[in-house]
Amino acid sequence: MSSPAVLAARAALASIDLNNYDPEQSRLMDERCILVDEQDNAIGAADKKTCHLMENINRGLLHRAFSAFVFRPSDGKLLLQQRASEKITFPDMWTNTCCSHPLDDFEQEKSEKEQLGVRIAASRKLEHELGIPPSQTPVDEFQYLTRIHYLAPSNGMWGEHEIDYILFMTADVTVTPNTNEIRDHKWVDKAELQSMFDDSSNLFTPWFKLIARDFLFGWWDDLLDRKGGDGLVFAKSLVGIADGSKVIKMA
């Protein structure tokens, strides 16, 4: 029997006119995400607009994504971004360094061997959203940790339903924000992030809250505890810290 994600991928899916949204964000909704089943097997492609409509998500439509976390080597602080008001989904919310999708539009980003496609996509989007030169985020320096499967509404119309690859990187990066993508950014330590969570005036993306709740702070401790002899944190020190072979269903 076919799963909900497979049945949804085969169905006639809902669409919508984006004329009332920001023109650049509307254009980006034409990019094609990689559709997957609940075990993260690629089963097709659909544009971002289709993938993020709750009407389709409620039928089971599921796509591949990544969440990248960039830490500063010298002090282990994490780079956060606040999503721009122009964003169609989850505007104005604080989140991890970069969260987006490998695209069916790019052959390299469909590569599944050693998570190469999502790592290439992460480097591409770090440049697009935060202006970080790709030379500062080499794809081999991303440390893959695990994959999570989550569903989260944004508002009545939009939402997320993703198999999300969690990637850590330690790097000194130059940030030149794309203001159509992010409205603010900051480096935080663990205590500063917890204070942000405790302040009810701050809004956070649902995937970031889930990752922080179940994984982030523990892995952050491990990252800090495994500093090298030079006193720097190094994402590759976390090899084997998590079981990346399975998809973790989040509740």
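## Basis of the model

Residues are numbered from 1 along each chain as its sequence is written. Because the model is predicted, local features need pLDDT of at least 70 and side-chain atom pairs count only at pLDDT 80 or more, while totals for chains, interfaces and linings use all residues, and side-chain values use heavy atoms, with hydrogens and water left out.

## Cysteines

If a disulfide is a pair of cysteine sulfur atoms within 2.5 Å, the count comes to zero. Cys33 is in no disulfide, and its nearest cysteine sulfur, that of Cys51, is 4.4 Å away. Cys33 has a relative accessible area of 0% and is buried, where buried means under 20%, exposed over 50% and partly exposed in between, with a 1.4 Å probe and protein chains only.

## Thr95

Thr95 is found in strand β5, residues 94-95, strands being DSSP runs (E) of at least two residues and helices runs (H or I) of at least four, numbered from the N terminus. At 0% relative accessibility, Thr95 counts as buried.

## Aromatic rings

Rings of Phe, Tyr and Trp (its six-membered ring) pair if their centres lie within 6.5 Å, and planes under 30 degrees apart count as stacked, over 60 as edge-to-face and the rest as tilted; by this rule there are 15 aromatic pairs. Phe90 and Trp207 form an edge-to-face pair, 5.3 Å centre to centre with 90° between the planes. Phe90 lies in the loop between β4 (78-83) and β5, and Trp207 in helix α7 (residues 206-225), so the pair ties together parts that are 117 residues apart in sequence. Both Phe90 and Trp207 are buried.
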